[in-house]
Amino acid sequence: RIEFLQVNAAMAPVYQEAIGTPGKLYDFDAIRAFTASSWVDAADREFYRNNSAVPIVRERLDRDGHFEMNLRGHTAAHPEKTMCRKIQHYDLSDKKDLVLITQTDITETYLRQLQETERAKTEAQHIENIIDSVATGICAFRMPDADHLQGEFVNLQMFRILGMTPPEGADARQKMMDDPMIAEYMRDSFA
């Protein structure tokens, strides 16, 4: 069972009506189902359902002393916008019968991380484009032991030097790497 001690007054009426009665004990699984269906993003629903059941939360609390998860979602007031919440669980009793659950808005942090990830992808693509534009063939290999040599990277010029014609497009390298002969060579060049 779960009791909501403090509910943000700015929450949409649909949430106020569902959980806004102070002192009332609600069925925890019913609240989980309401949460999953009312605001958790479809891409995160299965993760939420699999990780928010009482036995899972209890196991994580016993093991780590706390438990948290980050979820993407959409509010009833702005279903077109993505929000992100951190849900944290803490034991408040030695008898393990009282758990504090807090929700914190981490949308700004989430959006900033998305921007940084996109910027890193763009920079990596820019570097690959430069490496592909040089007239020299470039291969990067890793030697995990004396008997194995594994390919990590090949620029498009190396394929041309070897008499192959890479396809056009952003995924040209991946298409070349998917060729069974090349894939086998990259897995272990000594084989």
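Predicted model: local features only at pLDDT ≥ 70, side-chain atom pairs only at ≥ 80, totals over all residues.
Residues are numbered from 1 along each chain as its sequence is written, and side-chain values use heavy atoms, with hydrogens and water left out.

Together with Leu100 they make a nonpolar surface patch of about 260 Å². Patches here take residues with over 30% relative accessible area and no salt bridge, joining like charges within 9 Å and nonpolar side chains (Val, Leu, Ile, Met, Phe, Trp, Tyr) within 5 Å. A salt bridge is a side-chain nitrogen of Lys or Arg within 4 Å of a carboxyl oxygen of Asp or Glu, and accessible areas come from the Shrake-Rupley method with a 1.4 Å probe, only the protein chains shown counting as cover for residues.

Leu100 lies in strand 5, so colour by secondary structure next (helices, H or I, have at least four residues and strands, E, at least two; both are DSSP runs numbered from the N terminus). You will see 3 strands in an open, antiparallel sheet, in the order 3-4-5; two strands pair if DSSP finds at least two bridges between them. Its edges are strand 3 (66–73) and strand 5 (99–105), each pairing on one side only.

Select residues 83–91 for strand 4, which pairs with strand 3 over 8 bridges. Click Asn70 and then Lys86, its bridge partner in strand 4; Leu71 stands opposite Arg85. Towards strand 5 there are 7 bridges, and here Gln88 is partnered by Thr102. Is strand 4 enclosed or open to the outside? With 7 of its 9 residues buried, strand 4 is largely enclosed by the rest of the structure.

Next, show helix 5 (residues 107–133), which packs on the sheet and touches strand 3, strand 4 and strand 5 (contact means heavy atoms within 4.5 Å).

For a last stop, pick Gly23, in the loop between helix 1 (13–19) and strand 2 (25–26). Gly23 counts as exposed, at 52% relative accessibility.

Technical notes: Axes fitted to C-alpha atoms, helices over the stretch in contact; angles between N-to-C directions. Buried < 20%, exposed > 50% of the residue type's maximum accessible area, 1.4 Å probe, protein only.
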